[in-house]
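These are my notebook entries on one protein chain.

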Amino acid sequence: MSTPEAAPSLDFIRERITADLAAGKNGGKVITRFPPEPNGYLHIGHAKSICLNFGIARQFKGVCHLRFDDTNPTREDVEYVNSIQEDVRWLGFDWADKKFYASDYFEKLYQFAVELIKRGKAFVCDLTPEEMIQYRGAPSVPGKESPYRNRPIAENLDLFQRMRNGEFADGSRTLRAKIDINSPNIHMRDPAIYRIRKAEHHRTGNQWCIYPMYDFAHCLSDMIEGITHSICTLEFEVHRPLYDWILDVLETPCHPQQIEFARLNLNYTVMSKRKLLELVQENRVTGWDDPRMPTVAGMRRRGYTPESIREFADRVGVAKRENIIDLALLEYCVREDLNKRSLRAMGVLRPIKVILDNYPEGQVEELEAINNPEDPAAGTRKVPFSKELYIDQEDFRENPPPKYFRLTPGGEVRLRYAYIIKCVQVVKNAQGDVVELHCTIDPGSKSGGPTSNRKIKGTIHWVSASHSIPAEVRLYDRLFTVEDPGREQEGVDWKSNINPHSLEVLTQCRLEPSLTKATAGERYQFERQGYFCVDARDSAPGKLVFNRTVTLRDTWAKIEGKSQG
RNA sequence: UGCCGAAUGGUGUAACGGUAGCACAACAGACUCUGGAUCUGUUUGUCAUGGUUCGAAUCCAUGUUCGGCAGCCA
């Protein structure tokens with residue numbers, strides 16, 4: 001017997017699509033599209049949109065097109081076309097043979113513009129850009145009709161053809177829709193739909209010197225592809241009347257429904273392509289794929305999994321209200337995923353030497369360690385143990401605060417998978433820094449041994465000094481020190497909030513020898529510390545570089561942070 | 001002050017006139033050879049004021065606050 005279950009709640013877009021389907025619209029088909037402009041790398045906000053559009057297509061047994069919205073040759077580039085495809089694929093989505101470019105439609109778009117002119121709904125305007133701004137008015141200021149607005153159709157046709165022929169200079173003329181110069185919606189005040197740009201396009205070369213504007217190209221591209229639901233972000237809401245107007249006037253055979261949702265914002269980072277580009281160009285980061293960037297490429301390099309990003313996109317939901325998502329949710333999603341799948345290893349980031357006084361010189365034991373306690377199938381491995389070890393500086397305190405469960409002078413601690421040791425002597429250098437610890441082991445306390453069940457509060461990780469391998473480890477922190485760095489404030493450069501400690505490079509790290517074979521992109525949990533990923537760009541055999549994806553949840557840091565006020 | 005939107009705990013998001021729920025965060029505890037994971041529990045919310053109704057987060061009115069729009073960008 002099944003108990004009555006509440007239907008899984010749908011977001012407002014899926015709700016609407018469900019209703020359309022129920023009403024028999026679009027012949028029962030669902031076709032969406034992800035339409036990036038190739039003028040930058042994709043970021044986590046795009047990932048949300050990708051998951052939405054491709055996810056809806058998958059869910060409703062439809063398809064999602066990948067369409068490059070490349071109508072502005074001055075800012076677009078093939079580098080971006082390539083990175084976008086790589087990122088969408090990496091995220092786990094497939095556009096099959098549905099890859100398109102708005103530039104594929106330039107000729108069709110031109111013909112639609114001619115048709116608009118023939119229907120008396122567009123005109124060639126000779127106003128300069130400055131004049132056009134003036135004539136357009138402002139939100140509360142009525143517009144003024146262009147003196148060229150009532151040119152005869154034949155003259156418009158001739159002029160538009162000559163615009164295409166390259167007879168006029170950049171910026172000297174535009175083709176404008178003839179709608180209503182006094183519309184309360186500024187986008188309806190006879191918007192420009194074609195401009196002259198004698199620029200080389202990354203795909204059409206010098207074939208064109210006039211290019212359609214977004215508002216004209218987008219709705220018609222959607223229409224040409226038979227898109228049923230054209231999902232975009234909130235700032236296009238005021239464009240929808242224009243979207244609909246163009247398709248209505250042209251009496252097109254299909255009329256996609258534009259639906260707007262609120263874009264994703266994440267705290268402690270910026271999400272505008274312009275700002276991200278600025279960080280790249282000013283070398284505030286090492287590139288679009290810098291692991292601190294909220295770009296898909298950066299997150300990939302940092303060690304995020306596609307699964308975790310998809311899970312995140314699911315959890316943030318889809319709605320129309322402005323939002324700023326807590327970075328903690330993203331981090332929760334990666335930890336959740338990585339905890340289940342990643343192999344454990346021991347690595348000492350800031351080494352301090354430990355000498356076991358009562359352990360035989362030259363003896364080496366191979367101790368068994370569990371590869372992943374969450375997955376018994378991952379098996380075990382051997383870790384060498386010897387008289388000289390390294391432990392992390394953080395795991396020893398000469399003057400321990402209350403509740404400190406690690407190594408202290410005269411205190412005991414468990415070495416993971418090995419023995420319980422006691423610190424008997426602290427060696428310092430001339431500056432008073434602790435450089436070496438002498439300890440003794442409890443021989444019976446070896447994991448599995450007779451006294452191994454002794455209750456010891458703390459367990460720490462370690463590596464054998466002579467067996468361990470060197471590595472560089474890069475620790476990342478949030479790129480900005482304030483929650484909403486993108487918010488423009490008068491007289492304040494948004495870049496003044498960049499976190500000067502967003503990157504810390506550790507070069508003295510020592511890792512357990514099993515990591516020798518770690519290859520680019522592989523992810524591990526360094527026990528008690530976090531998840532780390534072999535850097536795909538800078539790591540090499542014998543010269544390992546790891547990126548810290550995210551720390552483990554750190555209850556101790558919280559306790560200590562609180563007691564320090 | 002024109003037009004278009006949106007307001008539910010700290011952050012997101014459900015509830016579609018009938019018990020305000022879920023997740024993250026926070027807090028407390030259990031367990032632990034990772035201060036991880038896991039488990040248990042706790043705190044915190046319907047923008048305001050009216051109205052309709054047996055009953056309102058939901059419907060209506062007014063107001064408030066926040067966001068978007070004045071590129072020949074997308």
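In which strand does F34 lie? I found F34 in strand β1, residues 31-34. For my notes, helices (H or I, at least four residues) and strands (E, at least two) are DSSP runs, numbered from the N terminus.

**Entry 1: basis of the notes**

I am working with a predicted model, in which local features need pLDDT of at least 70 and side-chain atom pairs count only at pLDDT 80 or more, while totals for chains, interfaces and linings use all residues. Residues are numbered from 1 along each chain as its sequence is written, chains are lettered from A and ligands numbered from 1 in the order in which they are written, and side-chain values use heavy atoms, with hydrogens and water left out.

The term buried means under 20% relative accessible area, exposed means over 50%, and partly exposed lies in between (1.4 Å probe, protein chains only). I then took the C-alpha atoms of F34 and R67, which are separated by 6.2 Å; these two residues are 33 residues apart along the chain.

F532 lies in strand β24, residues 530-534. Its relative accessibility is 0%, and F532 therefore counts as buried. I noted 49 Å between the C-alpha atoms of F532 and I210, which are 322 residues apart along the chain.

How many of the five residues of β8 are buried? I counted five of five in this strand, residues 229-233. From β8, H229, I231 and T233 point one way, whereas S230 and C232 point the other way.

β8 pairs with strand β9 (residues 257-261) in the parallel sense, over five bridges. Two strands pair if DSSP finds at least two bridges between them. The chain passes from β8 through helix α8 (residues 240-249) to β9, and this β-α-β crossover is right-handed. The term right-handed applies if, with the strands pointing away from the viewer, the path from the first strand over the helix to the second runs clockwise. I also noted that T233 has F261 of β9 as its bridge partner.

**Entry 2: a sheet of seven strands**

I traced an open sheet with mixed pairing, in the order β19-β16-β17-β18-β12-β15-β20. Its edge strands are β19 and β20 (463-464), each of which pairs on one side only. Strand β15 (residues 388-392) pairs with β20 in the antiparallel sense over two bridges, and there Y390 has V463 as its bridge partner.

**Entry 3: helix α9**

Which residues of helix α9 (residues 273-281) are buried? I listed K275, L276, E278, L279 and V280. Just after α9, N283 takes a positive phi of about 55 degrees.

**Entry 4: the cavities**

I found two cavities of 30 Å³ or more. On a 1 Å grid over the protein atoms alone, a cavity is a set of points where a 1.4 Å probe fits but cannot get out, and a pocket is an open set with protein on both sides within 12 Å along at least five of seven lines; lining residues have an atom within 4 Å of a point. Grid points are joined across faces, edges and corners, and a volume is the space filled by probe spheres set on the points.

The largest cavity has a volume of about 40 Å³, and its lining includes D484, R487 and W494.

The second largest cavity holds about 30 Å³. α11 (306-316) and α2 (44-59) each supply at least two residues of its lining, and the largest share, four residues, comes from α11. I sorted this lining into seven nonpolar, no polar and one charged. Here Ala, Val, Leu, Ile, Met, Phe, Trp, Tyr, Cys and Pro count as nonpolar, Asp, Glu, Lys and Arg as charged, and the others, Gly among them, as polar.

**Entry 5: the second largest pocket**

The second largest pocket has a volume of about 860 Å³. Of its 31 lining residues, R406, R528, Q529, D554 and W556 are the closest to its centre. I noted that α13 gives the most to this lining, with five residues. The lining divides into ten nonpolar, seven polar and 14 charged.

Why does this pocket lie between domain 2 (273-343 + 471-559) and domain 3 (347-461)? Both domains give residues to its lining, so the pocket lies between them. The domain bounds come from an automatic or database domain assignment.
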